[in-house]
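Dear colleague,

Please find below the structure that I promised to hand over, with its sequence. My notes on what was found in it follow directly after.

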Amino acid sequence: MNTSFLLFALLNPAFALLAASLYMALIRKVKAQAQGRKGPGLFQAYYDLRKLMHKEVIYSPVSSGIMRFTPYLNLAALLVCSLFVPLVFVPEPAGGFGNVIVFLYLLALERFFTALCGLDAGSAFGGMGSSRSMSLAAVIEPTMVVAFAALAFVLKSLNLHEMFALTAGSLLPVSPTLVLVSISLFIILIVETGRLPVDNPATHLELTMINEAMVLEQSGKNLALLELAHALKQLLLMGVLINTILPVGLSTEANAGKIAVSALSFLLKAGALAVVIGLFESSLAKMRLFRLPAFYMMAFFFSALTILIEVFA
Amino acid sequence: MDMKKNNDIMDLLSEISEMTGEEPEILNARADEAYVRLSEAGFERAALALAKQQFSLIGLFCAEAFEKEDGFTLFYAFKQAGRAPVLVLVREAGREEKVSSVAESFPSASWFEREVRDGFGLEFTGAFDTRRLFLHECYPKGFHPLRKAFKNGPLPLRETEAGTTKVGSNEARTTKVGSNEAGAAEAGAAEAGAAEAGTTKVGSNEVGTNEVGKPGEEYRFRQLKGEGVYQVPVGPVHAGIIEPGHFRFSVIGEPIFSLEIRLFYKHRGIEKLAEGKSPSECVALAEAISGDESAANAVGFCTAVERACGIPVPERAECLRAVLLELERVYSLLGDLAGMAVDVGFSLVASPFLILREEMFRQNEKLTGSRFLRGMMMPGGLKKDIPYSALKELAPFFAKFSRTFESAFERAMSSSSLIDRFATTGVVKKGLVVPLNLTGPLAKASGCPADTRLNRPYGAYGYFAPGPSVRKGGDVLSRYEVKADEIRESLKLIDRLLEEMPEGPVFAGNTLAEGEEAGPGSLSTSGTSGDSGTSSTSGISGYALTLVEAPRGQNLHWVYLKNGLVDRYKVRTASFCNWQAIEHAVLGNIIPDFPVINKSLNMSYAGTDL
């Protein structure tokens, strides 16, 4: 452990936690504007969290401990993940932090417990969501592995901190193949956060839900924690994408000025990405459930292509 | 025109006598509807022959103490696609309470018969489905609200649930409420004195208390078993602001293997409420049947009364009615176009339709004072004329409307992701249209040019006919296109109507008394009607059936007036029949596609559950 990492361990998760909900709200705002509506304010997501924290938690009588501890577990897993993706500055590597494989497993852990949680309440919709989520996970998880493998091939490291230390500060992507990987990462971001055309986060139609169906039975504080974990996951995946394709502003030095520049530039870049996501979501109808693997295959294709180029070029 | 109509009905009557080999007794005949009574054997021969000739059973309803009869009279309304006349076979059930079912020949009869069974307590022998329909388990056994013996009022349901004792015999029966047997026995004993006749079935109000503690028949869903088959129960309470309905899916993974729907969670007793009211009072009831079919149902009711009483309707009123009906069609269908896009997550496509819909509501309010076009219709014409200034605004409004609409529709149709979701989804086969009596955009999208405005014109539609719109696919995409076509046709129709709008009064009885405020309002049957209006319904007895094309399809209204008061009012909305199509449309589709299929069919829950 070094002081740079200790500072990072304090600042990065706190920054991520605070900023995460902002982009949930921003995407919603962009979609509303595209439809000609005003949409809720940018702080609505925070107000919602505060409201949920004060609400009563209701459990289904058939539910077990899984319903109760999953929200804490998911948020904890994502907080650990936030130590892996540098947003405020890139620290010097410390121990296993930053390891891509651990990062992917932490995300898998979150998905696994969310699916269990969907089954646990014993409602028809939860089970349906879990079964869909798990079937799709069988396709998206290998795709994620390949995409991160491609990233590791290009940046010659299995550690996210080392990777982004390499890219940090440059105006353009350090390697042209990173553009291809970024397409994969964007698709993964859409899939993992349950956005259109994969899943509709704004729908009330239980029969069409994937992610939302699994947390349908959650309420009050538990729901707030799950929503926060979800927002955090979105922010971290956005961070990976931004650090890959547009790392300008990100610093490797841990002094106050550089940290401020890093954080501020990230906020702006993430804002731009959120607008892109919002417009992307607005431009498509939801895909048929059984056509989704074709969408994932695009991510797989671009990542596999990157690996081929890196190996043979 | 009239000659031809008369020939139509004569042809139909001679066909009937050929089919049955007997001379039918004609109870009543107009140019396009005939009431015919046959012998029991003749009726059964006729039913078989009509089914063979692709007649649809468009309505089946019952009336108690009809004309000189004492018991129950059943009316079977048949119509062949493309032909105007409606043939009503009148069948006396007397007080026997048992008649043979025609559901084997006419699948649409199944719900009709179950409805009659609940309302009147008639048993249909040989029916393949004898479960209750609109009376759920919470209603006591032997309760039949449409019988004249039942005086509308609260049912002592709470007491009924608590009791466990059969009146008279005092035998304790086991019920679901087993815990408070002692208290229940007391309650039963107390009631034994009050209600003596334990077996009577006719006096329904008493039946409620006599059959103490007997829960209504249990409702059994179809059971489908097999490896990997499981059931997904959905509703009756849904997320979002929609009405209640229960959907029981049997699925293998995602594909739907069977769907059974159960509706009627909010029965309002509209038909019972209409009994004994004057026709002008009933217009508000007709408007309340289904929110976005208010104008259509009000016109249907008023036209039925006008036909029964021979009230003339001024030309201007006919034309204004047609304008309002078309406005209603446009705003209703706009909601469908938006809803279907929302259900596949494409809000960007939906939003211009929603904006246009809201603009239409505002126009409606300017025209009539009501966003849902309520409070305008009355038997004999309109309650008030539409101000010239508001009418004049319509043409430029629709010119702008049309441009926005076309660009919005163009945007929808140029999105491959939307087309991908709509095409081949939720196919309703053409073969279902006649047996299930499907109408409206649903039937048109399945290749049947069914439109009451064309096939059996009423009001101004005799002169202003819409163009036909037919698609062959039967899928969600076809319905989307048909609904857009319907909107275009309605806009054209409104344009023509506005151009050729005749001047004159809007109420028949008001020709000479323009200055009088009370004019049209005096249709009531009571002695207070002091005017010498030519179109009063007071004291008249008669009955008539009308069909109107509501946004969702053909609605049937049948009114039976006795001494100027409504004795029986039967409504069969398009939704009542169209709902049954959904069980077929979803087969083989996957569960996540159900919402868009449902929205593309867009049936009214309220219109089904009167």
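In these notes two residues are in contact if their C-beta atoms, placed from the backbone, lie within 7 Å. The model is a predicted one, in which local features need pLDDT of at least 70 and side-chain atom pairs count only at pLDDT 80 or more, while totals for chains, interfaces and linings use all residues. Residues are numbered from 1 along each chain as its sequence is written, and chains are lettered from A and ligands numbered from 1 in the order in which they are written.

The contact between the two chains takes 24 residues from chain A and 24 residues from chain B. Helix H1 (3-34) and helix H5 (124-155) of chain A each supply at least two residues of the side that touches chain B, where helices (H or I, at least four residues) and strands (E, at least two) are DSSP runs, numbered from the N terminus. By class, that side of chain A has 12 nonpolar, 8 polar and 4 charged residues (Ala, Val, Leu, Ile, Met, Phe, Trp, Tyr, Cys and Pro count as nonpolar, Asp, Glu, Lys and Arg as charged, and the others, Gly among them, as polar).

Chain A itself has 11 helices and 0 strands. Its radius of gyration, taken over C-alpha atoms, is 19 Å, close to the 20 Å that the globule rule (2.2 Å times the number of residues to the power 0.38) gives for 313 residues, so chain A is as compact as a globular protein of that length. Along its principal axes the C-alpha trace of chain A spans about 55 × 45 × 40 Å.

In chain B, the axes of helix H10 (residues 315-343) and helix H17 (residues 476-499) come within 9 Å and cross at roughly 150°, axes being lines fitted to C-alpha atoms, for helices over the stretch in contact, and angles running from 0 to 180 degrees between N-to-C directions. The contact of H10(B) with H17(B) has 16 nonpolar, 1 polar and 5 charged residues.

Chain B also holds an open sheet of 3 strands in the order E13-E14-E15, with antiparallel pairing (two strands pair if DSSP finds at least two bridges between them). Strand E13 (542-550) and strand E15 (565-572) of chain B stand at the edges, each with a single partner strand, so one side of each is left without a neighbour in the sheet. E13(B) and strand E14 (residues 553-562) of chain B pair over 9 bridges, and B:Tyr543 stands opposite B:Tyr560 in E14(B).

Best regards
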